Amino acid sequence: MFHHRDNHKFTDFLFLRHNWNPEVIEYYFYKVFRNIAFALISLFIPIFLYADVSYSVFQIMVFFLINEFLFLCAIPFSWKIIEKIWVKHAILLHLPWMIIFTYGMRFLSGDFIADLWIIFLLLFCRVVPKSTMWSAEQIFITKNILNKWSEWSSLAKIKIVLIIATLISPLIGWVVTYFWWFEMFFNIAIVFMILAMIPLLLTKDQYFHTD
């Protein structure tokens with residue numbers, strides 16, 4: 001009886017008092033794992049390209065310029081993709097492709113000109129689904145969070161967790177690369193991306209329509 005009361009109080013504290021929407025909580029669990037994985041990649045890929053692949057600073061700049069150009073080209077088509085596969089699946093779509101991108105980085109040879117076709121292919125895998133994710137997240141936030149004032153206090157606490165996850169990512173990346181170098185680093189990032197895929201699949205998807 002004691003344990004039953006304790007469990008009831010605990011669930012009441014978690015869900016009833018804070019009025020947390022399960023879909024929003026799932027979204028923020030996804031964001032925690034995604035933030036760790038993407039902070040790792042964003043911070044350490046330039047280091048990897050310079051220290052391990054031996055690209056010059058100019059070649060690394062061109063690498064990221066290609067990334068931004070592809071993103072710019074993909075954004076106008078993202079809305080129709082979201083309409084076809086729905087909001088949550090559009091958010092999750094980029095993660096399998098990011099895993100392919102992350103795994104494929106180890107195949108760069110160090111000859112930038114010879115690697116250009118691999119670079120375009122890998123960045124296409126990274127950027128096109130990411131453009132759809134970016135638009136889908138804006139839709140999800142608008143539909144589920146911005147119009148629900150009662151949830152903002154709880155979401156502020158979760159936002160703190162997201163910031164902490166982003167801050168500890170460089171420490172995780174440093175420890176992994178120090179002891180196991182970049183091979184294990186990419187594997188760790190892939191694990192966090194797989195974990196990020198799970199939460200949003202726990203509830204029904206949301207349809208989005210645009211003319």
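This note comments on selected residues of a predicted model.

1. Backbone at S54. The phi angle of S54 is near 70 degrees, which is a positive value in a residue other than glycine. S54 belongs to the loop that joins α2 (22-51) to α3 (57-74).

2. Backbone at W86. A positive phi also occurs at W86, near 75 degrees, and W86 is again a residue other than glycine. W86 is placed in the loop between α4 (78-85) and α5 (87-92). Its relative accessible area is 36%. Because this value lies between the limits of 20% for buried and 50% for exposed, W86 is described as partly exposed.

3. When neighbours within four places in sequence are left aside, Y50 is in contact with Y55, V57 and I60. The student may also compare Y50 with G110: these residues are 60 residues apart along the chain, and their C-alpha atoms are separated by 9.5 Å.

4. L171, W174, Y178, F179, W180 and M184 make a nonpolar surface patch of about 750 Å². One of these residues, L171, is found in helix α8, which covers residues 152-197. The relative accessible area of L171 is 54%, so L171 is classed as exposed.

Technical notes
Residues numbered from 1 in each chain as written. Predicted model: local features only at pLDDT ≥ 70, side-chain atom pairs only at ≥ 80, totals over all residues. Heavy atoms only, no water. Helix = DSSP H or I, 4+ residues; strand = E, 2+ residues; numbered from the N terminus. Buried < 20%, exposed > 50% of the residue type's maximum accessible area, 1.4 Å probe, protein only. Patch = residues over 30% accessible without salt bridge, like charges linked within 9 Å, V, L, I, M, F, W, Y side chains within 5 Å. Areas by Shrake-Rupley, 256 points an atom, 1.4 Å probe, with all protein chains shown as cover. Salt bridge = Lys/Arg side-chain N within 4 Å of Asp/Glu carboxyl O. Contact = heavy atoms within 4.5 Å.
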